[in-house]
Amino acid sequence: MQRYSGFGLVKHALSHHENWQRQWRNPTPKPAYDVIIVGGGGHGLATAYYLAKEFGITNVAVIEKGWLGGGNTARNTTIVRSNYLWDESAFLYEHAMKLWEGLSQDLNYNVMFSQRGVMNLGHTLQDMRDIQRRVNANRLNGIDSEVLDTAGVQKIVPIMDCSKNARYPVLGASWQPRAGVARHDAVAWGYARGADALGVDILQQTEVIGFKIRDGQIYGVHTNRGDIEAKTVGCVAAGNSGVLAGMAGFRLPLESHPLQALVSEPIKPVLDTVVMSNHVHGYVSQSDKGDLVIGAGIDGYNGYGQRGSYPTVEHTLQAIVEMFPIFSRVRMNRQWGGVVDTCPDACPILSKTPVKGLYFNCGWGTGGFKATPGSGHVFAASLAKGEMHPIAAPFSIDRFHSGALIDEHGAAGVAH
Ligand SMILES: Cc1cc2nc3c(=O)[nH]c(=O)nc-3n(C[C@H](O)[C@H](O)[C@H](O)COP(=O)(O)OP(=O)(O)OC[C@H]3O[C@@H](n4cnc5c(N)ncnc54)[C@H](O)[C@@H]3O)c2cc1C
């Protein structure tokens, strides 16, 4: 793999940057692999990378029906935090956070992880009680988390309307200083480049259209480019997970919904943190390019269209403008949607399935980007050892039979 460095940049400038290597190959599918990963989003690519890097399993294919990261990975608003309420989620997201903190160095690829802090506003007394409870739980789990009062919020975000007459009065917030944002494309590309260099085959424009199952054991997949065999298959297909489970003959407790986001025209730097409000259902940050990155909750109906409805956009912008009157004349540039797979307890599924050798990593809903390194890491360990990693184990589909649900609706909140 060609390593990136300041020196390399200068060297390639001499040849007008025309001799850079391709970041990953475009291989022809082999008839068989040790492991197949279905889905070339951040989670699938991270799984392949850690399988090769940490477990020496390099005979791996990542099968992607479109282009790398073209699913939710490239459509998300990139909020990264780990301040979840329950121990199980806190361990999972904090595991990811620790990997984020060294990811650019590990991948030799700048994923632009910016720890600018994430603030979650409280507008009612009950919001503030919930915030206090979650911050206490976070601290018990060693996660940096603070309660801010109104003055504390105003100090960090002077442009917010924190006046007493505001339509949504700001009573305080939870604040995680280590949280922030990262560059979504770079995460997919960095993992793809790292996995490819270790020997993983990344097969784009290849769609899984069925599974090869005999006597309850998986032994391969049918694709639009022919059959490929493997005794271990990990499905990491986000909003299409229910469709894939259907092909394998079982159902998952998932609903697929559109989730949308939008960005404004670029403006001068005015906001150097991430502000979320569960109560009014909106959140905003400012990207390095200067555009405001805005989102909200899911569109209420089920669907696979990668676009959202106008009422949700209208509601989101109303909420943002109430909190930030300064943004009222900013023009919006683009709006788009992704298809998110939501679980009844707002937690993911990392699990074995009724088919031996077939595993699913899904149900991340509206908040899985932040988990990308941790999810890939623990899923790779589970596939390599044939047993779910201890951090992943509580997220098994068995919880929907046993009742051991992990209700994160509060901390998932406006859902990022
Ligand atoms: C608008 C929006 C905003 C969001 N904001 C945030 C946020 O701020 N913070 C956060 O943490 N999370 C956020 N999320 C959620 C986050 O994007 C996802 O949870 C995460 O990216 C999921 O990653 P993934 O790799 O599992 O899925 P994806 O990136 O969707 O990858 C799945 C891949 O599987 C492929 N695939 C599907 N079916 C098949 C098949 N049959 N054969 C082959 N390939 C197949 C798809 O083409 C896709 O590329 C947001 C999501 C959206 C839509």
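Predicted model: local features only at pLDDT ≥ 70, side-chain atom pairs only at ≥ 80, totals over all residues.
1. The surroundings of W100 can be listed residue by residue. With neighbours within four places in sequence left aside, W100 is in contact with V80, V111, F113, A182 and V187, and also with F369, K370, T372 and P373.

2. As to secondary structure, the protein chain contains 12 helices and 19 strands. Its radius of gyration is 21 Å, close to the 22 Å that the globule rule gives for 416 residues, so the chain is as compact as a globular protein of that length. Along the principal axes, the C-alpha atoms of the protein chain fill a box of roughly 65 × 65 × 40 Å.

3. Burial and contact range may be read together. Of the 416 residues of the protein chain, 58% count as buried. Among contacts between residues at least 6 apart in sequence, 75% join residues at least 24 apart.

4. The accessible surface of the protein chain amounts to about 17,900 Å², and carbon and sulfur atoms account for 53% of it. The protein chain carries 37 positive and 36 negative charges, whose mean positions lie 4 Å apart.

5. H184 belongs to helix α7, which covers residues 184-197. H184 counts as buried because its relative accessibility, 12%, falls under the 20% cut-off. Apart from neighbours within four places in sequence, H184 is in contact with T73, A74, N76, T78 and F369. Between H184 and V170, which are 14 residues apart along the chain, the C-alpha separation is 30 Å.

6. D196 is likewise placed in helix α7. Is D196 buried or exposed? The relative accessible area of D196 is 10%, so this residue is buried under the 20% criterion. Once neighbours within four places in sequence are set aside, the contacts of D196 are with Q23, W24, R25 and I202.

Key. Residues numbered from 1 in each chain as written. Heavy atoms only, no water. Contact = heavy atoms within 4.5 Å. Helix = DSSP H or I, 4+ residues; strand = E, 2+ residues; numbered from the N terminus. Rg over C-alpha atoms; globule rule 2.2 N^0.38 Å. Buried < 20%, exposed > 50% of the residue type's maximum accessible area, 1.4 Å probe, protein only. Areas by Shrake-Rupley, 256 points an atom, 1.4 Å probe, with all protein chains shown as cover. Lys, Arg positive; Asp, Glu negative; His and termini not counted. Charge placed at Lys NZ, Arg CZ, Asp CG, Glu CD.
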